[in-house]
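Please look over the structure first, then read the points below.

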Amino acid sequence: MLPLLTPGISNRQHITCVYRCGDQCAAPVPNTTTNPYFGDIATEISRRGALRAAGVVALAVGATQVLPRTAAAQGSLDPSGLGGSLDGGSLGPHGTLDTGFEPVAPNTADAVTVPAGHSSDVVIRWGDPVVPGAPEFDFENQSAAAQAQQYGFNCDLAVLFPMDDRDERFLLTVNHEYSTEPMMFRGYDEENPTREQVEIAWAAHGLSVVELASRTTDGGLDPVMGSYNRRITALTPFELRGPAVGRLTRTTADPTGARVLGTLNNCAGGHTPWGTVLSGEENFNQYFGTPGEVTDPARLEQLDRYGITADTSDRRWEEFDSRFDLAAEPNEVHRFGYIVEVDPWDPDSTPVKHSALGRFKHEGGTVHVTDDGTVVIYSGDDERFDYLYKFVSSRRMAPGRGATARAENMRILDEGTLYVATFTGNSPAGEIDGSGAVPSDGAFDGTGSWIPLLTVDAAGNAVSHVDGMSPEEVSVFTRLAGDRVGATKMDRPEDVEPSPTTGKVYMALTNNTDRGVDGNPAADEANPRHTNKHGQVVEITDDHAGTSFGWNLLLVCGDPEEADSYFGGFDKSKVSPISCPDNVAFDPSGGLWVSTDGNSLGFNDGLYSVSVSGPNRGETKLFLTVPVGAETCGPLVFADRALVNVQHPGESDTASIENPASHWPDGGSSQPRPSTVVAWKDGFTGGAGSTGAGSTGAGSAGGAFGSLVP
Ligand code: FEO
Ligand code: CA
Ligand code: CA
C-alpha cells in the first residue's frame, strides 16, 4: 500500500534541525520538572489560582456558548477588519468539506504535486522583489541591502486578506522563520561567517507583506509592487508591551526595555478580526550565545529551561552584535519569544510584541471570539514535554471597522489572563501502556483544566497567580510558571486553532521520540505512545473564556497498516497515511486541513484534508505534496484555491550548493528556493469573491472549497 514506506526513517534532515531549531531534539529535554500528571494537585492549584484570579479581574465566565461563525453572529460585532466579511460559509452535507478529489499518492518527487484536475504555480520565491524598486535576486551576488527589500528565506505562516478597494487583489503576510546559511552562501564557513553573510541572514528573517493580484488566465496569483508592501527584518523596531517590560528587558541600547530590534524564528500564527497578523517567535534560543561565561545558577536555570546554551551559537551572531552575547547583554534574550502583532495595512506601523501572552517557543497564536466579544488566543509551546496555553481578554472587542474601534481592538491583547492547560484521561492508567493501543472505552479522551498564570487588569496592573513568581517573572519565564502549577507535558504542541464553524479547537502534536524513553515521562492518554515518531491531533471542546474543556484524539498519526495509528475510528484501509502534523487550517465550510513537517513514513510532506464529523470522521486525504527536503507550511484553503509555503526545499545533510538535493522551483541546475505556492482547480480563473472573505482561522477565506472539488 505504501511503496515508499520506510518505517523509522525520518525525512527531517539534521541540517534542518540545526538551522531551524538550534538542534533542540539533540539537546537534553529542557523540561526536567517532576510535574504531577493531573488530578488532585493540579485541580487544587487550579481552584486556588482561580479564586485568587477572581479577586483581580472579572472574567467573562458566562460566555460559554460556542460561537457559530455565521454571518449574522459576526455581523453583530462587525469585526471584519479590512478583510471583508468574516462569514465562515455554509456547511457541506456532512458538516464538513466534500473531499471529492482523488488523493495524491505519497511520493518523493522534487515537485509540488496536486490531484488530477488541479494545477499549481509559484507565487513568490526567496529573493524576489517585495518593496518597489527592489533589485532582482542574484544568488551569486547577494547583499544585505538587497535582501532587506526582497522576499526572506524559509517562509512559514501565510495570511491573506482580500483588499476592500481592489477586486481580485489580496494582501499576503508571510513569516520568514529562519536562514539556512550553507544553502544560501557558496563557500559558507560555519566557523567564520562574514559580516555580510550575517547581515544578509538578519535581513532574511522576519516577515514580508506583499500585494497579490489574481491572474486572468488561470488560478495563479502574482506579486504586485503595491504601497502596502513591506519587509520586517531582525533590525526592524518593535514595541514590547505588557508585564515583561522593566528590569528584565532593559538593555544598554534600550534603557526603556520596550523597544526591541527585530523578530526571530517566526513560525505559525493567525490573524485577528481587526485585520492584523499574529505571529509566534519560536526557537529564538538558538540565536544567542557567548564567548564569555554565565555562572549565576538562577540564570543558568532560566537559560536551560529555554534550551539556551551559554556557548558559541551556531550562527555566531554574538561575534557581530553584542546584543546576541548572553554574557555582555543578559536581557536581550528576554525580548524574544513572544506573540508578535503586525498591522499589514500600515507599512509605517511599529509591530508589537505582546508579553501578556507569555514568553515561550510560541508556535503561533490563533483567535476565537466568544459571543460576547471576548477574544481568546490559543498558543502551543513547541518543545518536547512542553505546554498548551491560552489568553482570555478582559475587554471585549469593539464593534465596527472605524479607526477608533480598530485602535481600541489593537490594545485588546494588553489586558487579560494567561492560562496553561492540564489534561486528564478518563481511561484506567493501566490501559495506556505506550503502545498506542486504543483503551477499552474506544477513545483517547478526557477532560482538562486551564490554570491561571498571570492577569493584567483594566488599569494595567499585572498580578501573578504563581507562588514565588512576580508578574514580570511569569511573563518572561512563562515555562517556569507552567512547571510550578503542574501543567501537562505534551508531545510538542505545534499549531492550535479553533474551528470557525464549530468553535472546537484542534491541536497538532507533532512527535516526541523521547516520550517514555531514558527516564522521561511515560505515555498518558493525551500522549499515548512511547517513542512517538508520528504525532497526534487533539480535538478540544473548550469553554473558551472559562477554565474547563473536554478533549479527544482525532488522529494518532502513522502508518495505517500499523496497530498504533488511529484515524478517528474511520476505516484505516481508506486513508492517506499521515505523519508529524504541524499546521492546522480550516476551509470556509469548516473542513479541517493539516500539513506535515518531517513525515517519518519516508515520503514528502504534504497538506491533508481531514474529516471531523459525519461517517467519514477521521478520514485523511492527501491534497498536495511538496518537493524533496521541504516542509508544508502556512496552509490556507479558499473557495477555489489553496496556498502553501514550501519551506526549506532541498535541505539535506548530503546536499551542498555544488550538489543540490532539489532544483525546485526554477529547475535545471538551479539552487532550491523557499517559495509560496498556490494550487487551484483547472478552469478556475479568479472571479469576484473567489478568494474573499477571510475567516478568523489562519487566514482561510470565504466561499465553499467544494467548488475546487471535481
Ligand atoms: Fe517552526 Fe514548531 O515549527
Ligand atoms: Ca478514554
Ligand atoms: Ca510549525
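Y389 stands opposite V420 in strand β17. This is a predicted model: local features need pLDDT of at least 70, side-chain atom pairs count only at pLDDT 80 or more, and totals for chains, interfaces and linings use all residues. Residues are numbered from 1 along each chain as its sequence is written, chains are lettered from A and ligands numbered from 1 in the order in which they are written, and side-chain values use heavy atoms, with hydrogens and water left out.

**Strands around β17**

- Strand β16 (residues 388–396) pairs with β17 in the antiparallel sense, over five bridges.
- β17 also runs antiparallel to β18, and 10 bridges join these two.
- V420 has a bridge partner in β18 as well, namely I451.
- Two strands count as paired if DSSP finds at least two bridges between them.
- Strands (E, at least two residues) and helices (H or I, at least four) are DSSP runs, numbered from the N terminus.
- β17 is mostly covered, with eight of its 10 residues buried.
- Buried means under 20% relative accessible area, exposed means over 50%, and partly exposed lies in between (1.4 Å probe, protein chains only).
- In a regular strand, side chains alternate between the two faces of the sheet.

**Calcium ion (ligand 2)**

- The ion is coordinated by N426 (OD1), S427 (OG), D441 (OD), D441 (OD), A443 (O), D445 (OD) and E525 (OE), at 2.2 to 2.8 Å.
- Donors are N, O and S atoms within 2.8 Å of the metal (3.2 Å for Na, K and Ca); water is not among the atoms, so sites may look incomplete.
- Along the chain, the donors follow the spacing N-S-x13-D-x1-A-x1-D-x79-E.
- S427 and E525 link distant parts of the chain, 98 residues apart.
- S427 sits in the loop between β17 (416–425) and β18 (445–456), and E525 in the loop between β22 (505–509) and β23 (536–542).
- S427 is buried, and E525 is buried too.

**Calcium ion (ligand 3)**

- Its protein donors are C267 (SG), E363 (OE), E494 (OE), D582 (OD) and D582 (OD), lying 2.3 to 3.1 Å from the ion.
- The spacing of these donors along the chain is C-x95-E-x130-E-x87-D.
- C267 and E363 link distant parts of the chain, 96 residues apart.
- C267 belongs to strand β9 (residues 266–271), while E363 lies in the loop between β12 (352–354) and β13 (366–369).
- Both C267 and E363 are buried.

**Two helices**

- In helix α1 (residues 14–21), six of the eight residues are buried, so the helix is largely enclosed by the rest of the structure.
- Those buried residues are I15, T16, V18, Y19, R20 and C21.
- Their cover includes α5 (181–184), β30 (631–637) and β31.
- G22 follows α1 and has a positive phi, near 65°.
- R299, L303 and R305 are buried in helix α7 (residues 297–305).
- Seen down the axis of α7, its buried residues fall within an arc of 165°, so they line one face of the helix.
- The arc is that of the directions from the helix axis to the C-beta atoms.
- These buried residues of α7 pack against β15 (384–386) and α10 (478–484).
- Contact means heavy atoms within 4.5 Å.
- G307 follows α7, and its phi is positive, near 70°.

**Backbone exceptions**

- Most residues other than glycine have a negative phi, and most peptide bonds are trans.
- N154 is not a glycine, yet its phi is positive, about 45°.
- N154 lies in the loop between α4 (144–147) and β2 (155–162).
- N154 is buried, with a relative accessible area of 0%.
- Residues that N154 touches include Y178, Q647 and P674.
- D518 also has a positive phi, near 55°, in a residue other than glycine.
- D518 is in the loop between β22 and β23, and is exposed, with a relative accessible area of 74%.
- The peptide bond from W664 to P665 is cis, with omega near 5°.
- P665 is found in the loop between β31 (641–647) and β32 (675–681).

Technical notes
Lists of a residue's contacts leave out its neighbours within four places in sequence.
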